[in-house]
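Trainee: I am new to this structure and would be grateful for a guided reading. May I put some questions to you?

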2 protein chains.
Amino acid sequence: MSQGETPNETPSSHDRRTFLKTAALTGGVLAAAGIPFPSVVKAASSPPEPHQVPLPANLPAPGKANHWFLPATDKTVHWGYFSKNLKPVIEIESGDFVTLECLTHQAGDDYERMIKGDPGAESVYYWNKQQKNVNRRGAGAMDAPVGAGGGEGVHICTGPIYVRDAQAGDILEVRILDMYPRPCGNSEYKNRTFGTNLAANWGYHYHDLLEDPKPREVVTIYELDTTGERNWARPVYNYRWGPLTDPFGIIHEIYNYPGLVVDPAKIQANHGILKNVRVPIRPHFGTLGLAPKEVEIVSSIPPNYTGGNIDDWRIGKGGTMYYPVSVDGALLSAGDTHAAQGDSELCGTAIESSWTGLFQIILHKQNSLAETVLSELNWPLLETREDWVVHGFTYPQYLTQLGPDAQHEIYKKSAVDLAMRDAYRKVRDFLMRTQKLSEDEAISLISVAVDFGVTQVVDGNWGVHATVKKSLFAGSQD
Amino acid sequence: MSQGETPNETPSSHDRRTFLKTAALTGGVLAAAGIPFPSVVKAASSPPEPHQVPLPANLPAPGKANHWFLPATDKTVHWGYFSKNLKPVIEIESGDFVTLECLTHQAGDDYERMIKGDPGAESVYYWNKQQKNVNRRGAGAMDAPVGAGGGEGVHICTGPIYVRDAQAGDILEVRILDMYPRPCGNSEYKNRTFGTNLAANWGYHYHDLLEDPKPREVVTIYELDTTGERNWARPVYNYRWGPLTDPFGIIHEIYNYPGLVVDPAKIQANHGILKNVRVPIRPHFGTLGLAPKEVEIVSSIPPNYTGGNIDDWRIGKGGTMYYPVSVDGALLSAGDTHAAQGDSELCGTAIESSWTGLFQIILHKQNSLAETVLSELNWPLLETREDWVVHGFTYPQYLTQLGPDAQHEIYKKSAVDLAMRDAYRKVRDFLMRTQKLSEDEAISLISVAVDFGVTQVVDGNWGVHATVKKSLFAGSQD
């Protein structure tokens, strides 16, 4: 059974879960000696399957809480889309903990540093003339010219996780308890790991360049420390990307399909770039969210009311996301981990790298929401120790707002101005609802104390976030 | 000689400066007993004139540095505009220090708390049937229906300061060494001072309201501490503004002219609002900048390449601004001091309050700029201890970009999207120029480490700022 199949052709959720908990993993991860690089990604050994493991010693252990380990393998990921029809990879109860691996979808930018020697990554990226372990990449047609799924959506998403009893109208709380960088599997790079930044054809800068040739796509590789000694990333080298011929013989003039593996012999690597630069790391989940009910399958690129590719670097360790549940089981997936990103993610990507998250997942039933901060919440809310972060988008419900071709229309409508309007309305309503303010009180408070930032200008459905300090409400009127 | 005269009809800069240093202040500040509130703002005593005073003991005293005291009075302010034809109130040398008072232009929202007993404020706001001390308010026609100057520009600006030897092409560095809240002059409010937030007709929210009546303008008064015990502001009360009849009998249905004084008997004050809310203070200069050469007189509202009403709350104590000099003497003015503001200044205003700044002003001649961070700088740059802040606008050179009616056209063109585009280009060019990066290096660094925020969406020429951490460049390549 391949994740490359169209989701609504697959067995029921329960069957799938049972399979993953009981069956030995077979197939997919094949030895492929003798086939020339880069048309093969070789799998050194089989990656593990999902299983329950003891809770880390430093965590609270409520009565029934379980701790799941969910590795990223070709059997546990869906690539480039969310779908309500996907078979869950695990089924959990409210309160359970999950350690979940994420793989960057751009690891092919440097195979030696981001795939080689990593069984999970090798299984996901495995693709040669005969075999492509994860065939569907994106929500597009399976016979799309650029490849199955059309690259309409790019992120390797681990999941989905089925949360027992979750139904439309509930709120799913996802606590990000910790994040760990995924060590490089290649023994040449001990205690290090890597990430990649692509100045992409979908970047904000792409048609607004000074230097020739125009346009161009450029990959910059960054090095990260896995020992915890450094909290910054270091630029290593860059190169001009493409064109590239994939293992099935399709020529990609631009970076229009995920999982393409670059042959280092075919690029011109520039070392000594960005000398003396240290990029502060801000590890976070670029993509984290639930499947929406509106369509059978949806690109992972535009963020939605159910979350997804929000690309807010604040969605990291210590943060808690609240998502409106749209379908039975909620169907939570995670991916697109970033080591660092600026507000705007200007060139189309962050430092894309593989990280593992430790989550606790808590279901709030609709009938328990009244008089809480979650009542009437119909968009993805972030809570941190200091702040509430309200996420506005160009079209907050784009799948229903933009007609039957919404998934393509959204790219023609991208606008910071509309996202700003949405963020204003959401934060006003949030303050009125949760703090019992009049509209006049809310508007004054927004103007004097709430900061609006540009989340991203690269995901079709562009984002503006509004940050509300919790300390605003900590005083007592004197 | 009144600041209400058309600027280009006034004497030369030098004459004016001599006048201010030598002549006794006469006229303008008149006793006006017996005329009913609010058509009169009574002046208790004459405010001081500009003069030199010893440097504060804690400041460095370079060889020739002088320290000027520049009070805000009806003789030292220009209301609602910049003009290259304005007579300077002082003439200084590069390196001089200036203690400069600013008065909020919205003090009339609560006369008792923000004008009464303050000779400077009383002199500026003085307006009854017979006399209006500062007649021109804005860059519009002197016979405009709403009042002289048409309210096309609203900020009470103290200055201009003529910097000797400054010429077009130079850069003026303005160091904000300190900021002090202006104590309330009314003895009823000891150790306190106040600010006002107006949800204005030019606010982003004005035509996007939930509650009736729509639209409406609302004033919220905030209380500040002048003793330094508290670093937050406290909401006091709010009220619905207008209509209001000014001392000349003109009825203002909306807040369309600055300096209108509200009669407390004619409003319905709502106390107990925003209970338990503490607004963190972020004192800053909303308006700080130079006169541009392009026009004879220009509204103070849209920010420009010469600075002005940037409304970035980071332009406060410890910050340094760098402005391109456009006219001889630079002609620096300051006003629109804010106690606090969120990024976006959503409702049209911040906590508008009166503060005094201590500045040091340093001229960088054009021929000294090569190979410095200031070379080719043609927009207003902020430096703080941690950051460089790049200011983008909808139209960065709007006076020349939008044709002969640019000062009105700009309000029809307001867009966050265009300001974002400008901020991207500026920060890219800034990184390439000052850090000697290639375009590819700059774009990658922007995407992974530079944050874009919404400065303001209320000043016609809307703003997006890009924040570049200095620490990015602090490392050594290992």
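This is a predicted model: local features need pLDDT of at least 70, side-chain atom pairs count only at pLDDT 80 or more; totals for chains, interfaces and linings use all residues.

Trainee: How far is the sulfur of Cys157(B) from the closest cysteine sulfur, and in which residue is that sulfur?

Mentor: Residues are numbered from 1 along each chain as its sequence is written, chains are lettered from A and ligands numbered from 1 in the order in which they are written, and side-chain values use heavy atoms, with hydrogens and water left out. A disulfide is a pair of cysteine sulfur atoms within 2.5 Å, and the separation here is too far for a bond. The distance is 8.0 Å, to the sulfur of Cys102(B).

Trainee: How far from Cys184(B) is the nearest cysteine sulfur, and how many disulfides does a search of the whole structure find?

Mentor: Cys184(B) is in no disulfide, as the nearest cysteine sulfur, in Cys102(B), is 18 Å away. Over all chains, the number of disulfides found is zero.

Trainee: Which residues does Thr356(B) touch, not counting residues up to four places away in sequence?

Mentor: Thr356(B) is placed in strand β21 (residues 355-364) of chain B; helices (H or I, at least four residues) and strands (E, at least two) are DSSP runs, numbered from the N terminus. With 12% relative accessibility, Thr356(B) is buried. Contact means heavy atoms within 4.5 Å. The residues touched are Thr99(B), Leu100(B), Glu101(B), Cys102(B), Asp178(B), Met179(B) and Tyr180(B).

Trainee: Which residue meets Arg164(A) in a salt bridge?

Mentor: A salt bridge is a side-chain nitrogen of Lys or Arg within 4 Å of a carboxyl oxygen of Asp or Glu, and here the N to O distance is 2.7 Å. Arg164(A) lies in the loop between β7 and β8 of chain A and its partner in strand β5 (residues 90-92), so the pair ties together parts that are 73 residues apart in sequence.

Trainee: With which residue does Arg164(B) form a salt bridge?

Mentor: The closest N and O atoms of this pair are 2.8 Å apart. The pair ties together parts that are 73 residues apart in sequence, because Arg164(B) lies in the loop between β7 and β8 (171-181) of chain B and the partner in strand β5 (residues 90-92) of chain B. Arg164(B) counts as partly exposed at 31% relative accessibility. The partner is Glu91(B).

Trainee: How many salt bridges are there between chain A and chain B?

Mentor: One pair is Arg216(B) with Glu439(A), at 2.8 Å from N to O. This pair runs from the loop between β9 (192-199) and β10 (218-225) of chain B to helix α7 (residues 439-449) of chain A. Arg216(B) also forms a salt bridge with Asp440(A). Between chain A and chain B the count is eleven.

Trainee: Which residues are linked with Arg216(B) in a network of salt bridges?

Mentor: Both Arg216(B) and Glu439(A) are buried. The residues linked with Arg216(B) are Arg428(A), Asp429(A), Glu439(A), Asp440(A) and Arg240(B).

Trainee: How much area do chain A and chain B bury between them?

Mentor: In this pairing, 77 residues of chain A are in contact with 77 residues of chain B. Buried area is the accessible area (1.4 Å probe) that two parts lose on being put together, summed over both. Carbon and sulfur atoms hold 49% of the total, which is about 6,300 Å².

Trainee: Where does Asp165(A) lie?

Mentor: Asp165(A) has a positive phi, near 80°, in a residue other than glycine. Its relative accessible area is 56%, so Asp165(A) is exposed. The location is the loop between β7 (156-163) and β8 (171-181) of chain A.

Definitions and conventions: Buried means under 20% relative accessible area, exposed over 50%, partly exposed in between (1.4 Å probe, protein chains only).
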